[in-house]
Amino acid sequence: MDITEPLKQTANDFEERLQPLIEESTEKLTSLHHQLTTYIRANPGKCLLGAMAAGYFIGRIARRK
Amino acid sequence: METDDATSPAYKRQCHSGIGADDPITVGQRLDRICSAAGVALKGSRDVVSEVRDLLDIDGRVNRNPYAMIAAAAGSGYVLGGGLFSPLTVRVLNLSLRVGLRLVAASPLIQCKLRGFAEAACENGDGSGSPNHESQRSKEMKQGSCYDKPEGSETHR
């Protein structure tokens, strides 16, 4: 029992420290996802062409190697 | 009419904008013709692009699955760039196969389900279908007894 109490306390401390960080990063990721999908839906042609160009260049680089 | 015949001097005069039948085309006129031809070609290509866009419903697909469409475009560009038969592709495929197989092999839930399917397939193949036997089997499968079931256990009638 004596060994587990400090471990429990440490685990609780970690949880208290990490929880706000996890929530903040979840919020940031959600907002980034929303921004990205909004931009892609607003400019589908540009995004598709840009992705195709990026894939083309990566393919060329991969072919050389 | 005289102007309809392409070889007639009047027609040539008309083509040369009334300057004269024997005067050569000026640089400005040549440029005008090139620009008008380019404009026609550009308009035609825009029409083709918009038709293809409507046919494939690209806007709708991007609205429904934006990331998938971006990934598909990047993949098409990768293939066009000649990266399909490159060492990088082989490495990526190897890695994804290894990771996928390990996930499937290590996941106990998937093992349990696969075992259940295999047993059901064997049951159906053997035709060993007494009602009690089947109901007990189906109960065991529902309860997820892959871990609890001891080895060599048989159902008793």
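**Entry 1. Arg53(B) and its partner**

I began with Arg53(B), which is partly exposed at 33% relative accessibility. For this I took buried as under 20% relative accessible area, exposed as over 50%, and partly exposed as in between, with a 1.4 Å probe and protein chains only. Arg53(B) makes a salt bridge with Asp59(B), and their closest N and O atoms are 3.3 Å apart. A salt bridge here is a side-chain nitrogen of Lys or Arg within 4 Å of a carboxyl oxygen of Asp or Glu. Asp59(B) also counts as partly exposed, at 37%.

**Entry 2. Basis of the work**

I noted that this is a predicted model, in which local features need pLDDT of at least 70 and side-chain atom pairs count only at pLDDT 80 or more, while totals for chains, interfaces and linings use all residues. Residues are numbered from 1 along each chain as its sequence is written, chains are lettered from A and ligands numbered from 1 in the order in which they are written, and side-chain values use heavy atoms, with hydrogens and water left out.

**Entry 3. The other salt bridges I looked up**

How many salt bridges are there over all chains? The search of the whole structure gives 4. I recorded the general point that side chains of opposite charge can pair when their charged atoms come close.

In chain A, the side chains of Glu24(A) and Lys28(A) form one of these bridges, at 3.6 Å from N to O. The two residues stand 4 apart in helix 1 of chain A, so about one helical turn separates them. Glu24(A) is partly exposed at 42%, whereas Lys28(A) is exposed at 54%.

In chain B, Asp47(B) and Lys43(B) are joined by a salt bridge of 3.7 Å, N to O. Both belong to helix 2 of chain B and are 4 residues apart, about one turn of the helix. Asp47(B) is partly exposed at 37%, and Lys43(B) is exposed at 56%.

**Entry 4. Helices of chain B**

I counted 7 helices and 0 strands in chain B. Helices (H or I, at least four residues) and strands (E, at least two) are DSSP runs, numbered from the N terminus. The order of elements from the N terminus is α-α-α-α-α-α-α.

Does the span of helix 2 of chain B agree or disagree with its number of residues? Helix 2 covers residues 27–56, and its 30 residues should span 44 Å at 1.5 Å a residue; the end C-alpha atoms are 43 Å apart, which agrees. The expected span is 1.5 Å times one less than the number of residues.

Buried residues make up 14% of the 157 residues of chain B. Of the contacts in chain B between residues at least 6 apart in sequence, 16% join residues at least 24 apart. Contact means heavy atoms within 4.5 Å.

**Entry 5. Asp57(B)**

What follows helix 2 of chain B? Just after this helix, Asp57(B) takes a positive phi of about 55°. Asp57(B) is a residue other than glycine, and I noted that most residues other than glycine have a negative phi. Asp57(B) lies in the loop between helix 2 and helix 3 (58–64) of chain B. At 34% relative accessibility, Asp57(B) is partly exposed.

**Entry 6. Where chain A meets chain B**

I found 19 residues of chain A in contact with 22 residues of chain B. The two chains bury about 1,600 Å² between them, and 74% of this is on carbon and sulfur atoms. Buried area is the accessible area (1.4 Å probe) that two parts lose on being put together, summed over both. Ile40(A), Arg41(A) and Leu48(A) supply 31% of the area that chain A buries against chain B, more than any other three residues.

The elements giving two or more residues to this side of chain A are helix 1 (4–42) and helix 2 (44–64) of chain A. Helix 2 of chain A provides the largest share, 13 residues. Across the interface I found 0 salt bridges.

**Entry 7. One aromatic pair**

Over all chains the count is 1 aromatic pair. Tyr56(A) and Phe57(A) form this pair, edge-to-face, at 6.0 Å centre to centre and 70° between the planes. Rings of Phe, Tyr and Trp (its six-membered ring) pair if their centres lie within 6.5 Å; planes under 30 degrees apart count as stacked, over 60 as edge-to-face and the rest as tilted. Tyr56(A) is partly exposed at 34%, and Phe57(A) is exposed at 53%.
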